[in-house]
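Please read them alongside the coordinates.

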Amino acid sequence: MVVFDANFLIYFLDPKIVGGVGNNPRIDHLVATIQKTGERIVVPTPALSELLV
Amino acid sequence: MTKDKERRFKIDVFTPETLPMERLAEYMLQFAKLLGEPDRVHFIDVDPGSAVLRARVEDVALPKVERRMADASLGLGDPAALKALQTLDEMLANDNAVGQVFDETGAEIISFQGRNRPKPLEYGPFREDGVLEGVVIKIGGSGASVPIWLQDGETVYKHCSARRPLARKIAKHYDVGLLRVTGSGSWVRISTGAWLMRSFEINDFEVLDDTPLADVIKKLHGIDGSDWGEDSIADLARIRSGKGLN
């Protein structure tokens, strides 16, 4: 299980971030690793709330 | 004349005739660990009457054995002896027995509470609506409520069930895809503080989307109207600090 806070979740939601998904080897590696291992991603409600404000 | 001494472990509910050999071996192992000094402690036999395991302790090892048992009974000393003491008490409780360790004169050295020890506090069961996720690995039964096993990683939920019409729908997803089931669970809080699920009646389920994560992210990026602004990371920082907000 991995837990994403708003700081990281924003990379999944905002395509305009420089060095985001698809342009950042470290993030891309994490995405690939999570996909490969089938790890569960948890988003705490406060983190989601922060993005929805 | 030998100066070796005996240490005897008595189990009240068994006799040599009723004590299963495997259980005897388990008791002997833990008794030996409690005594320690493996090269100087020797098994003699099992006395008739109540099952009494007799061990001979060589004279040279007796002070160490006595110290080890005295420490263990006070919760001190070698962790292995403490563990053996606790295990023996657990085993006695499970066998609905009590036990004692005696010396060769019949003087009691250690008394095990076994079945008489205070029952651990357990709360519940409590019923609460909940959600479980997992792959159906077993489903089927003859009653109105069909038993279902769900596997979520290394965790297997063995106490789920669903009414037959719903179970028929769930059965179509046997061993394929991850399901999220909702329903009502019965939980108990055991003495260690952990919660154990006794049963879970499934009321509904959904098949979870197994789209690759990278594709999900692309979809999220493509949602119209998300309007994150020019620098969403800086926006987040401003929200947290309160600086620059009206």
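Predicted model: local features only at pLDDT ≥ 70, side-chain atom pairs only at ≥ 80, totals over all residues.

1. Residues are numbered from 1 along each chain as its sequence is written, with chains lettered from A and ligands numbered from 1 in the order in which they are written.

2. Chain B holds six helices and ten strands, these being DSSP runs numbered from the N terminus (H or I of at least four residues for helices, E of at least two for strands). Of its 246 residues, 20% are buried, that is, have 20 or more other C-beta atoms, placed from the backbone, within 10 Å of their own.

3. In chain B, β6-β7-β8-β10-β9 is the order in which five strands close into a barrel with mixed pairing, where pairing requires at least two DSSP bridges between two strands. From one strand to the next the twist averages 45°. Strands β7 (residues 145-152) and β8 (residues 155-163) of chain B are antiparallel over seven bridges, and Ser145(B) stands opposite Arg163(B) in β8(B).

4. The largest nonpolar core has 24 residues, and those touching the most other members are Phe31(B), Leu34(B), Leu35(B), Leu53(B), Ala55(B), Leu85(B) and Leu88(B); such a core is a set of buried Ala, Val, Leu, Ile, Met, Phe, Trp, Tyr and Cys residues joined through C-beta atoms within 7 Å. Elements giving two or more residues to this core include β1 (5-11), α1 (21-35) and α3 (79-94) of chain B. Another core, of 15 residues, lies apart from it, and Ile139(B), Leu179(B), Val181(B) and Ile202(B) are among its members.

5. Between the chains, helix α2 (residues 25-37) of chain A packs with helix α5 (residues 213-221) of chain B at about 125°, their axes 9 Å apart; axes are lines fitted to C-alpha atoms over the stretch in contact, and angles run from 0 to 180 degrees between N-to-C directions. The angle therefore makes α2(A) oblique to α5(B), a class left after under 35 degrees (roughly parallel), over 145 (roughly antiparallel) and 65 to 115 (roughly perpendicular). Val31(A), Ile34(A) and Gln35(A) meet Leu213(B), Ala214(B) and Ile217(B) there, contact meaning C-beta atoms, placed from the backbone, within 7 Å.

6. In helix α1 (residues 6-13) of chain A, Ala6(A), Ile10(A), Tyr11(A) and Phe12(A) are buried, and their cover includes α5 and α6 (232-241) of chain B as well as α2 and α3 (45-52) of chain A.

Conventions: Buried ≥ 20, exposed ≤ 12 C-beta atoms within 10 Å, placed from the backbone. Contact = placed C-beta atoms within 7 Å.
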